[in-house]
Amino acid sequence: MKSLEELKKIREESLKKINLRKDRGEGTRIVVGMATCGISAGARPVLMSLLEEADKRNLGDVQVTQTGCIGVCRLEPIFEVYKPGEEKVTYVNMTPEKARKVMAEHIVNGNVVTEYTIGAAE
Amino acid sequence: MGFKFDWEENKEKIETLKEVIEENRSKKGSLMPVLHRAQKIFGYLPIEVQSIISEELNVPLAEIYGVATFYSQFSLIPKGKYQIGVCLGTACYVKGSQSLVDKVKKELNLEVDGTTADGKFSLQATRCIGACGLAPVMTVNEDVYGKLKSDEIPKILKKYMD
Amino acid sequence: MNIYRSHVLICGGTGCTSSKSDKLQEKFEKLLVEKELDKEVKVVRTGCFGLCEAGPIIIVYPEGSFYSQVKIDDVEEIIEEHLLKGRIVKRLLFKDAIVEDIVKSVDEVDFYKKQKRIALKNCGVINPEDIDEYIALDGYLALGKALTEMTPEEVIETVKDSGLRGRGGGGFPTGLKWGFTAKAEGNQKYVLCNADEGDPGAFMDRSILEGDPHSVIEAMALAGYAIGSNQGYVYIRAEYPIAVERLQIAINQAREKGLLGKNIFGSDFDFDMEIRLGAGAFVCGEETALIASIEGERGMPRNKPPYPANKGLWQKPTLINNVETYANVAQIILHGADWFKEMGTEKSPGTKVFALGGKINNTGLIEIPMGTTLREVIYEVGGGIPNGKKFKAVQTGGPSGGCITSESLDTPIDFDSLTSIGSMMGSGGMIVMDEDDCMVDIARFFLDFTVEESCGKCPPCRIGTKRMLEILEKITSGKGEPEDLDRLERLAENIKVSSLCGLGQTAPNPVLSTLKHFRHEYEAHVNEKRCPFPHLRINSI
């Protein structure tokens, strides 16, 4: 260890690995429906792409988690985005590509991708 | 209790010990680390092993004997194949571990810090092993028995009998 | 690097390992691979969560679900239900983590609510065998700050200002100790860590070393910088194999990263350290005996003065602190003395870790701000006495301390208040006794311990405690006479004032304190010629 900067670099890298265990409730939460219907509709690749994207973009405060059946099975894969202070947004008929776009547009830049939301699909 | 140290049988172990001594020779305060390793190699510290250490490290045998007998972790007699430890830490004591010790003593006709004549069991009243949530606790080698009652002991010991 | 959506934290402390938490980990890892979840869910083995009673413990993040007493056969259900479908397995939750069907996360459980974790900050949060996780939570930042921005004097001043007092039991101001050793003349100085935790029923030092070994390494390096030493030793009990192993791994990792060794943080400060094993002698917790033991002698205390600060290990100036004390240091340097002083009481700032044991519901390890009352600890954090029994007394300070009765339950806990009610802080063992416990027998138990552990150097302790034990055995076996109580008291006072070291000076405390609060129980033994607690077998060793 030759300098404080070196330490801080390791710190930042490692913080991503364990952020999950602290500061619950702050930051953005993405909940993927992972009941049987969701999984068979392809929820797992969607979830993996969300995780990859969060990692690549260094989004340490974004939590990706799973839940059971969200209820509208015909629109699976579904995930919901909870941002502090904002209304919940539900995205439907997701694919890994669409998920990446939501990550870039909504999570990072703050613009809801309206065309993918449940409102547009209904 | 007579336990005989067999020089021939322990030849390899003695070589290992000498290597360990060589590694530690330049270390300050090397006696304790060497004794720890020796006990690991032989399972106990018979006077013969102490003499080897004395000659190699150039420390009087009396001093080594003094250290070896001072610390409860060092044993001058071989430990049993199955080492029974009953925790007598406060948390275990309050929950009745003394009755566990008494039961083991009676079942195996064995004193605390002793080894049975067939070399199978030895008994120690250990200090707190830190499993206070499981009090009272008994260990047999690596196996831990928690929240134990003394009438469960014969059944446990039986597992190790054959 | 991979980001995982869920972390499964499995307690790897000694308590939970004793109830097979290592097997749980294997099973989790195996099943996660089988179900192809191993890229999404990470299994981490951490240090002690503290609630040993409910072990083995598993916490699943991000929800913070607190599973207790998990069995091998439950693993599959947790994976299927929780990790796959996101449904918390309610039947496995710790009893307080689910109230009227509302699930609470781990930090909302009563056991943790009153706690304030400083020394145990990382225990149960990080993987102790991964230095990166320690660094992620500000690890080694204090050392970096000190080496690049502070003079050794400033480090000592900060520790002094914080008011940190020795957590090993003495309560001596840590900063003063550091100052003395820094001022002592000598070309070679040593930094020692006392991890010879001997008080039966106290295991906080072990938990810190098992759960967060780097916090001790970092603090010892800080101490080395402050006093001008380049060599440290940790003297640790050989009975703590997991702690020894984790500490060695941590030392190796710190060396690899250059956090131990030469020119740390590009400064001209060098520091390295080594582990030395104890061998089962309680008296080695006394600092001069510990030094004798590292030197390779019988661990017998030496006369003071000279104090270790001037003539310690190999006659060189030596700083010696306890594990828990060190565990506070890096955070004090990082956040400042004022931050630390905000917690606790004026004369005892900060927190203290206690090991709760005996007749109490939540057996385990807790850390509370100084000034919390005993009642809060026993009834709120500790969850009260099991089986509807009545509280009788709590023993603090182990074999050197005394018992505290229900009249004193509202005493705020700090170094001075515990001394004023006839006990002491000690290293933090807290054993609760209920109405069924015979206090004379408890006193006999502690004395039996000190007789066994007396090193034999000075006669008051060697012979005196033995005589006291004989009188106590006479009383507990129904042969006592009324005069025995006065004999006991007189002998106790003599041993207190004439023994060489702390062990002897405090050995009579459990007897004196039970005599004071429960004299009627002694009298009952003597008058009825038997133990008034019928379920207790007459004790004759």
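**Figure 1. Buried residues of helix α6(B) in the predicted model.** In α6(B), the buried residues are Ser97(B), Gln98(B), Leu100(B), Val101(B), Lys103(B), Val104(B) and Leu108(B); a residue counts as buried if 20 or more other C-beta atoms lie within 10 Å of its own, as exposed if 12 or fewer do, and as partly exposed in between, with C-beta atoms placed from the backbone. Helices (H or I, at least four residues) and strands (E, at least two) are DSSP runs, numbered from the N terminus. The buried residues of α6(B) pack against β1 (82–87), α5 (90–94), β2 (121–126), β3 (138–140) and α7 (153–159) of chain B. The twelve residues of α6(B), 97–108, should span 16 Å at 1.5 Å a residue, and the end C-alpha atoms are 17 Å apart, which agrees; the expected span is 1.5 Å times one less than the number of residues in the helix. Asn109(B), which follows α6(B), has a positive phi, near 50°. Residues are numbered from 1 along each chain as its sequence is written, while chains are lettered from A and ligands numbered from 1 in the order in which they are written. Because this is a predicted model, local features need pLDDT of at least 70 and side-chain atom pairs count only at pLDDT 80 or more, whereas totals for chains, interfaces and linings use all residues.

**Figure 2. The interface between chains B and C.** Of the two pairs of chains that touch, chains B and C have the most contacts; two residues are in contact if their C-beta atoms, placed from the backbone, lie within 7 Å. On this interface, 30 residues of chain B are in contact with 40 residues of chain C. At least two residues of the chain B side come from each of α2 (31–42), α4 (61–70) and α5 of chain B. The largest share of that side, four residues, is supplied by α5(B). Its composition by class is 16 nonpolar, twelve polar and two charged residues, where Ala, Val, Leu, Ile, Met, Phe, Trp, Tyr, Cys and Pro count as nonpolar, Asp, Glu, Lys and Arg as charged, and the others, Gly among them, as polar.

**Figure 3. The interface between chains C and A.** Here 31 residues of chain C are in contact with 28 residues of chain A. On the chain C side, the elements that give two or more residues are β1 (6–11), α3 (75–85), α5 (131–136) and α6 (141–149) of chain C. The most, four residues, is given by α5(C). The side of chain C that touches chain A has 14 nonpolar, ten polar and seven charged residues. By contrast, chain A and chain B are joined by no contact, and their closest C-alpha atoms lie 25 Å apart.

**Figure 4. Packing of helices α10(C) and α11(C).** Helix α10 (residues 213–227) of chain C packs with helix α11 (residues 241–256) of chain C at an angle of about 55°, with the axes 9 Å apart. Axes are lines fitted to C-alpha atoms, for helices over the stretch in contact, and angles run from 0 to 180 degrees between N-to-C directions. This angle makes α10(C) oblique to α11(C); angles under 35 degrees count as roughly parallel, over 145 as roughly antiparallel, 65 to 115 as roughly perpendicular and the rest as oblique. The crossing of α10(C) with α11(C) is right-handed, a crossing being right-handed if the near helix is turned clockwise from the far one by less than a right angle, and left-handed if anticlockwise. Pro213(C), His214(C) and Ile217(C) of α10(C) make the contact with Arg246(C), Leu247(C), Ala250(C), Ile251(C) and Ala254(C) of α11(C). This contact has six nonpolar, one polar and one charged residues.

**Figure 5. Packing of helices α9(C) and α11(C).** Helix α9 (residues 204–211) of chain C and α11(C) pack at an angle of about 40°, and their axes are 8 Å apart. The two helices are therefore oblique to each other, and α9(C) passes α11(C) in a left-handed crossing. Arg206(C), Leu209(C) and Glu210(C) contribute from α9(C), and Ile242(C), Ala243(C), Arg246(C) and Leu247(C) from α11(C). By class, four nonpolar, no polar and three charged residues form the contact.

**Figure 6. Met48(A) within chain A.** Met48(A) lies in helix α3 (residues 43–56) of chain A. With 17 other C-beta atoms within 10 Å, Met48(A) is partly exposed. Chain A comprises five helices and four strands, in the order α-β-α-α-β-β-β-α-α along the sequence.
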